[in-house]
Amino acid sequence: AVYARSYDPARPVVCMDEKPYQLLAHARAPIPARPGQDAREDSEYVRHGTCSIFCWVEPLAGWRRVQALPRRTRIDWAAQVKQILTVDYPDADTVVLVMDNLNTHGIGSLYEAFEPAEAFALAQRLEIHHTPKHGSWLNIAEIELSALTRQCLDRRIDDIDVLNTELAAWQQATNTNQRQVDWHFTTSDARIKLRHLYPTS
């Protein structure tokens, strides 16, 4: 029902998801491609730690924001929400936020990160919808992360700054395209496919 709403810039529907990412370097330099031979790389790699990629998508506007951070704590999520509300959508009355039920994804995280008055002001501008348990595929941001992985993360990247440069390039190209999401899964479809989630009486 949230995805069926008409586009309203005063109440944008924004989906968010996170993806853990391993920063990996080559143990040995790859051999570049040459005529008649594909590029080759060793199966061994060197780990340079992990990070988390935050993905924000407004499906009806064809807008995305992606950023890699060293962690994905409550404080990190709260800072991302503040950016959505104050930088990305400063003029929106309410941001309708669709996300999964990760323990960091809650209003309490805002109160851990900010003074109570600021946390309350931010929370008042959110309308939160959590995807059902085992229903994260209903989150359009998860679908976008899958596209991002195929289109941008198909090689080893060993540094978070390089990763953020690559993510920014993908974000700019995708936003320039304004590729919107045409969601076909309706409420009536959900009542059939997800009937175990609906009351029987």
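1. Helix α5 (residues 160–177) has 18 residues and should span 26 Å at 1.5 Å a residue; its end C-alpha atoms lie 25 Å apart, which agrees. The expected span is 1.5 Å times one less than the number of residues, and helices are DSSP runs of H or I with at least four residues, as strands are runs of E with at least two, numbered from the N terminus.

2. The model is predicted: local features need pLDDT of at least 70 and side-chain atom pairs pLDDT 80 or more, whereas totals for chains, interfaces and linings use all residues. Residues are numbered from 1 along each chain as its sequence is written, and side-chain values use heavy atoms, leaving out hydrogens and water.

3. Leu163, Leu167, Trp170, Thr174 and Asn175 of α5 are buried (under 20% relative accessible area with a 1.4 Å probe, protein chains only; exposed is over 50%, partly exposed in between). Down the axis of α5 these buried residues fall within an arc of 125 degrees, so they line one face of the helix; the arc is that of the directions from the helix axis to the C-beta atoms. Asp161, Thr165, Gln172 and Thr176, on the other side of α5, are exposed.

4. The cover over the buried residues of α5 includes β1 (13–26), β2 (45–58), β3 (63–69) and α4 (140–152), contact meaning heavy atoms within 4.5 Å.

5. In α4, the buried residues are Ile140, Ala141, Glu144, Leu145, Ala147, Leu148 and Cys152. They fall within an arc of 165 degrees seen down the axis of α4, so they line one face of the helix. Their cover includes β1, β2, β3 and α5.

6. Tyr111 lies in helix α2 (residues 107–113) and, at 38% relative accessibility, counts as partly exposed.
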